[in-house]
Amino acid sequence: MAAILSVLQHSSCPENIQFHFVTSSSADSDSLRSALSGSFPYLKFQIYPFSDDSVVAGLISTSIRSALDCPLNYARNYLAELLPTTVRRVVYLDSDLVLVDDIAKLAATPLGDDTVLAAPEYCNANFTSYFTPSFWSNPSLSMTFAGREACYFNTGVMVMDLERWRVGGYTAKIIEWMELQKRMRIYELGSLPPFLLVFAGNIAPVDHRWNQHGLGGDNFRGLCRDLHPGPVSLLHWSGKGKPWARLDANRPCPLDALWAPYDLLQTPFVLES
């Protein structure tokens, strides 16, 4: 709800925004629809139950944090199949974020003639750490990145051309890597590595301001973090610590105060001076 409110508040033309919500197959879609319509009476949206979650569960390997093993985390792999073919381009957003800029700017990111997706890249990150020694020691696997300037990117904020995705059969390519992971462990971190294997080095650039990620800390302790240097258009609480949980516990990090104004439940909290 906070993410939706932030998108609408900072949009120059909120009436032009169409939301697509993907839910678990067990979710109560009627209750969600009622909550969305009650909070945002003029919101244009569709709800898509992720009916393949039981199939995906069989492809998921245990990662470093149990929350990352939820099948719904893998729904982004299947957006081209979940959404109607009339939906050709989307901005994919995780739910643990808020925008402080017009999403139309992000949606207008140029993808060139054949690029499938765009996202902020972080080439100073240790890319090798996202894969196991078994992966890097196997030439037939590590050669996957040959000729590609592969860099880490966070899959929580992406501009995606679903038409090109469908034509290129990218869902099947991601699934192939997940199936290999079940036979031999080639990565540790949930749904991200298959995206890196397929797309790293072949994505369109997006300014870092559109994903100030990691505000939830690391995947183990969720400690407080500062903003990265530079301007900010989107704040993303990726990591273990979530602002709503820390605010509810009255143990917020300083930057959680930036999420609080978009909390429709208006949970009271106190920041230590």
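Predicted model: local features only at pLDDT ≥ 70, side-chain atom pairs only at ≥ 80, totals over all residues.
User: How many cavities of 30 Å³ or more does the count give, and about how much space lies in the largest cavity?

Analyst: The count gives one cavity of 30 Å³ or more. The largest cavity holds about 60 Å³ of space. Its lining consists of 12 residues. Those that lie nearest the centre are Ser61, Tyr74, Gln181, Tyr187 and Gly190.

User: Next, salt bridges. How many does a search of the whole structure find?

Analyst: Side chains of opposite charge can pair when their charged atoms come close. Here, the search of the whole structure finds seven salt bridges. One of them joins aspartate 94 and arginine 76, with the closest N and O atoms 3.9 Å apart. Aspartate 94 sits in the loop between strand S3 (89-93) and strand S4 (97-99), and arginine 76 in the loop between helix H3 (53-57) and helix H4 (79-82), so this pair ties together parts that are 18 residues apart in sequence.

User: What is the distance between the closest N and O atoms in the salt bridge of aspartate 161 with arginine 164?

Analyst: In that salt bridge the closest N and O atoms are 3.4 Å apart. The accessibility of each partner can be read with the cut-offs. Aspartate 161, at 11% relative accessibility, counts as buried.

User: Where in the chain are the partners of the salt bridge between arginine 246 and aspartate 256?

Analyst: For this salt bridge, the closest N and O atoms are 2.8 Å apart. The pair links distant parts of the chain: arginine 246 is in helix H11 (residues 243-248), and aspartate 256 is in the segment after H11, 10 residues apart. Both arginine 246 and aspartate 256 are buried.

User: How many aromatic pairs are found in the whole structure?

Analyst: A pair of aromatic rings is described by the distance of the centres and the angle of the planes. A search of this structure finds 19 aromatic pairs. In one of them, tyrosine 122 and tyrosine 152 have ring centres 5.9 Å apart and planes at 40°, so the pair is tilted. Tyrosine 122 and tyrosine 152 are both buried.

User: What are the centre-to-centre distance and the angle between the planes for tyrosine 130 and tyrosine 152?

Analyst: The centres are 5.0 Å apart and the angle between the planes is 0°, and the pair is stacked. Tyrosine 130 lies in the loop between S6 and helix H6 (133-136), and tyrosine 152 in strand S7, 22 residues apart. Both tyrosine 130 and tyrosine 152 are buried.

User: Which residues form one aromatic cluster?

Analyst: Phe127, Phe131, Phe135, Trp136 and Phe145 form one cluster. A ring can also have a charged residue over it: lysine 173 lies over the face of tyrosine 170, at 4.3 Å from the ring centre.

User: How many residues apart in sequence are methionine 1 and leucine 264, and what is their distance in space?

Analyst: Methionine 1 and leucine 264 are 263 residues apart in sequence and 7.1 Å apart in space, C-alpha to C-alpha. Methionine 1 is placed in the segment before helix H1 (2-9). Its relative accessible area is 38%, so methionine 1 is partly exposed.

Conventions. Residues numbered from 1 in each chain as written. Heavy atoms only, no water. 1 Å grid on protein atoms, 1.4 Å probe; cavity = no way out; pocket = protein on both sides within 12 Å on 5 of 7 lines; lining within 4 Å. Points joined across faces, edges and corners; volume = space filled by probe spheres on them. Salt bridge = Lys/Arg side-chain N within 4 Å of Asp/Glu carboxyl O. Helix = DSSP H or I, 4+ residues; strand = E, 2+ residues; numbered from the N terminus. Buried < 20%, exposed > 50% of the residue type's maximum accessible area, 1.4 Å probe, protein only. Phe/Tyr/Trp six-rings, centres within 6.5 Å; stacked < 30°, edge-to-face > 60°. Lys NZ or Arg CZ within 6 Å of the ring centre and 35° of its normal.
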